[in-house]
Amino acid sequence: MSATTNDNSKSEVALAALEQVIDPEIGLNIVDLGLIYQIDFDEKENKLYCTMTLTTHFCPMGESIVFSVQEALQTTFPDYEILVHLTFDPPWSHERISEKGKAFLNQ
Amino acid sequence: MFPPGANTDAIKTTSYKAVLPFYAYAALSFLVATVLMLFSAGQFSGHYFQPHTLAITHIMALGWGTMIILGASHQLVPVIIEGKLHSERLAYASFALAALGIPLLVRGFFIFDMGGPAQWGGILVVLAIGVYFVNLGLSIAKSKTENIQAIYIFTATAWLLLTSILGLALLYNFSIPLFSKDSLHYLPLHAHLGIIGWFLLLIIGVGSKLIPMFLISKYSHTKLIWWIYVCINTALLSYIFLFYFSNNTTLLLLPVIVLFAGIALFAKYIYQAIRERLRRQIDDPMKISISAVLMMGIPILLLILAIGLLSFIAKANMSLILAYGFLIFFGWLTAIILGMTFKTLPFIVWNKVYHRRSAMGKTPTPKDLFNHTIFKFMGIIYIAGLLVFTIGILSHFVLLLKIGAALLVIAAFLYNINVFKIITHQPVEK
């Protein structure tokens with residue numbers, strides 16, 4: 001997994017949920033595509049912070065992907081407030097694609 | 001941060017409402033152009049300066065090529081300049097002006113009446129392009145990032161504006177003597193400003209970003225893209241210089257060679273992008289778009305041949321010039337649009353229909369929005385039509401011209417079926 005987290009077991013569950021979100025153009029899930037930068041849980045406030053990026057600025061699919069991330073996390077963690085933070089710093093690059101993702105693209 | 005239910009303005013792209021009318025208009029224009037060509041096939045065996053040929057060329061250049069590029073660019077400019085489109089209202093204005101102006105202009109050419117309605121049509125087209133130019137310029141000015149592709153698009157649009165202003169002046173030149181010579185004399189200048197300055201420069205600029213992006217290629221070479229920019233603009237500027245200051249036709253080979261060098265460098269760039277791609281599968285729309293890059297070379301070879309034959313065989317030369325123009329508008333330009341339509345339009349509509357229905361595999365994918373069998377047939381029939389019509393032009397064989405045009409009508413009809421299938425798509429759950 002490419003994302004860094006502060007709670008391994010819960011983050012694994014979050015990443016598994018995000019693996020269901022597919023980039024519609026590429027057909028690859030956004031975790032293996034390397035769009036998820038970080039997942040943090042604030043147990044005191046019951047908040048889940050997801051820091052992510054998109055492959056390009058103003059990606060035509062961007063709004064839909066962000067919405068899907070929100071929805072996937074909210075369904076998996078209904079008691080948490082989901083806060084998605086979109087960043088382009090650092091920008092996405094091919095190096096972020098996981099080995100599994102590269103194998104998928106190479107099919 | 002995007003809290004639950006918050007708006008996502010920071011990543012919101014241009015509304016589909018500002019983009020889809022351009023696609024629909026362009027698709028219908030392509031069909032109209034092919035139908036007119038079927039009924040005017042005989043005119044393609046003579047001189048290129050014929051009323052119907054002029055009308056068809058302008059439907060292809062403005063109604064088809066320019067309208068779809070303007071539509072797609074309203075969506076893609078934010079991706080390229082990494083900033084929002086300045087105004088969607090200006091996009092609507094640009095569409096309305098062009099949508100009214102193009103038929104008036106084309107009607108004028110078709111009946112060869114360059115009076116009032118045609119002139120108004122020309123004015124509306126110039127205004128439509130002017131509005132787009134302002135919208136683009138302000139969008140780029142607001143953007144925080146500078147990149148070579150934005151410079152390509154801006155320069156190409158400046159050339160388009162110049163082309164349309166010259167075209168309007170040529171139209172007036174039929175009734176008021178604005179130039180020292182008749183409009184026919186300036187036609188090659190008007191045509192090449194549009195073909196090279198607008199279409200070629202813009203397609204290379206946008207293609208240099210989108211083709212590697214769709215292929216998920218690691219390849220990037222900004223310096224090479226700059227060199228291509230220099231080659232194309234140098235070729236065009238030197239052509240303009242020679243047009244005004246030289247009568248030596250052989251000298252025209254100089255800009256042609258520089259242009260050919262630019263295209264060869266772009267072909268090299270695309271070849272490297274393909275080689276270094278992470279995505280093994282290349283889908284059918286991408287295959288058509290990539291083959292269009294190779295198609296760029298064919299008109300250039302015909303042009304070199306035409307220049308070489310200029311003083312020897314007048315009739316053969318006319319056919320070569322007609323074939324050259326035909327292969328630019330119906331070959332290279334159409335091929336790239338046929339491919340790129342299905343790499344852009346399904347995503348725009350998918351986003352419109354499903355952006356709040358999640359991308360979690362419960363909905364169709366953008367690729368499911370059009371019929372792939374129809375797409376394949378369209379591709380095969382289009383290539384057959386293109387070949388038969390080109391042979392018809394070169395051989396002056398009217399029956400071949402009619403068969404070729406009929407095949408292109410079918411290809412345009414199939415294209416329209418898929419385009420309107422996408423545009424009218426209603427939500428379905430898988």
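How many residues does the contact take from chain B and from chain A?

View 1. The contact takes 32 residues from chain B and 35 residues from chain A, two residues being in contact if their C-beta atoms, placed from the backbone, lie within 7 Å. On the chain B side, α2 (51–81) and α11 (314–354) each supply at least two residues, and α11(B) gives the largest share, 5 residues. Helices are DSSP runs (H or I, at least four residues), numbered from the N terminus. This side of chain B comprises 18 nonpolar, 8 polar and 6 charged residues; Ala, Val, Leu, Ile, Met, Phe, Trp, Tyr, Cys and Pro count as nonpolar, Asp, Glu, Lys and Arg as charged, and the others, Gly among them, as polar.

**View 2. Helices α4 (residues 116–142) and α5 (residues 148–172) of chain B.** Their axes (lines fitted to C-alpha atoms over the stretch in contact, with angles from 0 to 180 degrees between N-to-C directions) come within 9 Å and cross at roughly 160 degrees. The two helices are therefore roughly antiparallel (angles over 145 degrees). By class, their contact has 18 nonpolar, 7 polar and no charged residues.

**View 3. Confidence along chain B.** The mean pLDDT (the predictor's confidence in each residue, from 0 to 100) of chain B is 87, and 92% of its residues reach 70 or more. Within chain B, confidence is lowest in helix α10 (residues 297–309), at a mean of 71, and highest in helix α1 (residues 20–39), at 96. The model scores ipTM 0.77 and pTM 0.88.

Residues are numbered from 1 along each chain as its sequence is written, and chains are lettered from A and ligands numbered from 1 in the order in which they are written. In this predicted model, local features need pLDDT of at least 70 and side-chain atom pairs count only at pLDDT 80 or more, whereas totals for chains, interfaces and linings use all residues.

Notes:
Parallel < 35°, antiparallel > 145°, perpendicular 65-115°, else oblique.
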